[in-house]
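Hi,

Here is the structure I said I would pass on. Have a look at it first, and my notes follow below.

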Amino acid sequence: MRNLVIALLIVTAVFSSSSSAEAKSLVVVFSRTDENYSVGRITKGNTMIVAEMIASKTGSDLFEIKPVKKYPEGYDECTDVAKKELNAKARPAIVEDKDISEYDTIFFGYPIWWGDLPMCFYTFIEAHDWNGKKIIPFCTNEGSGLAGTEGNLKRALKGAEVMKGLSVRGSTAQRDKARAEASVDSWLKGLGL
């Protein structure tokens, strides 16, 4: 009888650890280098800096959305293209896609462009079934906060649960990484992660 109890405890422990190991998370990010508002010419995008912090702290995989047609290097030229894409509700082609079927929790990282996500992010969104996924947004900006993108995501991600998002100033991500990291830590703790 004692051996049977021990065997049951072992099976229960193995089952519990394997089911928790199956829960995987992913950080999907679009981030832009080149000339950016308030920080000048950069080689690592503001949103990518925050995305890497989140991936590191949560043990998440990281996937970067890259448009086939690169955005202009100049800030003003890029914002002109971004506004035209927004007005046209364009869905710019992306270089590659990512199979999300094995992920339960997916972080979405993006800069705020004209009060919304960049249109290439919607290209990624519209290619997938989000039913049963937990989506956790975060963004970089210079003062607009999340700019209503949590609501936009709730409308676009049918069947997903959209959690409380995080907003980090791009200039903070670039110039004060300790402060950006403290914001990420506090936010993740508030989400119970």
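Predicted model: local features only at pLDDT ≥ 70, side-chain atom pairs only at ≥ 80, totals over all residues.

Where is the place of Lys154? Lys154 sits in helix α5, residues 149–156 (helices are DSSP runs of H or I with at least four residues, strands are runs of E with at least two, both numbered from the N terminus). Its side is open: Lys154 is exposed at a relative accessible area of 53% (buried is under 20%, exposed over 50%, partly exposed in between, with a 1.4 Å probe and protein chains only).

Numbering starts from 1 along each chain as its sequence is written, and side-chain values use heavy atoms, with hydrogens and water left out.

Overall, the protein has seven helices and eight strands. Of its 193 residues, 45% are buried. Among contacts between residues at least 6 apart in sequence, 79% join residues at least 24 apart (a contact is heavy atoms within 4.5 Å).

Now the charges. The whole structure holds nine salt bridges (a side-chain nitrogen of Lys or Arg within 4 Å of a carboxyl oxygen of Asp or Glu). Three of them to look at:

- Lys24 pairs with Asp61 at 3.8 Å between the closest N and O atoms. Lys24 is in the loop between α1 (2–22) and β1 and Asp61 is in strand β4 (61–64), so the bridge ties together parts 37 residues apart in sequence. Lys24, Asp61 and Glu102 are linked in a network of salt bridges.
- Lys70 pairs with Asp34 at 2.6 Å between the closest N and O atoms. Lys70 is in the loop between β4 and α3 and Asp34 in strand β2, so parts 36 residues apart in sequence are tied together. Lys70 is exposed at 56%, whereas Asp34 is buried at 11%.
- Lys57 and Asp185 meet at 2.9 Å, N to O. Lys57 is in helix α2 and Asp185 in helix α7 (177–190), so this pair ties together parts 128 residues apart in sequence.

Arg32 lies in the loop between β1 (25–29) and β2 (34–36). Arg32 is buried but has no salt bridge, and the nearest side chain of opposite charge, Asp34, is 4.8 Å away (Lys and Arg count as positive, Asp and Glu as negative; His and the chain ends are not counted). A polar atom of the Arg32 side chain does lie 2.7 Å from the backbone oxygen of Pro72, and the side chain also reaches the backbone oxygen of Glu73 at 2.9 Å.

Most residues other than glycine have a negative phi. Lys89, not a glycine, has a positive phi of about 50°; Lys89 is in the loop between α3 and β5 (105–111) and is exposed at 61%. Trp114, also not a glycine, has a positive phi of about 55°; Trp114 is in the loop between β5 and α4 (119–125) and is partly exposed at 45%.

Cheers

Terms used:
Polar contact = N/O pair within 3.5 Å; in protein donor to acceptor, adjacent residues only side chain to side chain.
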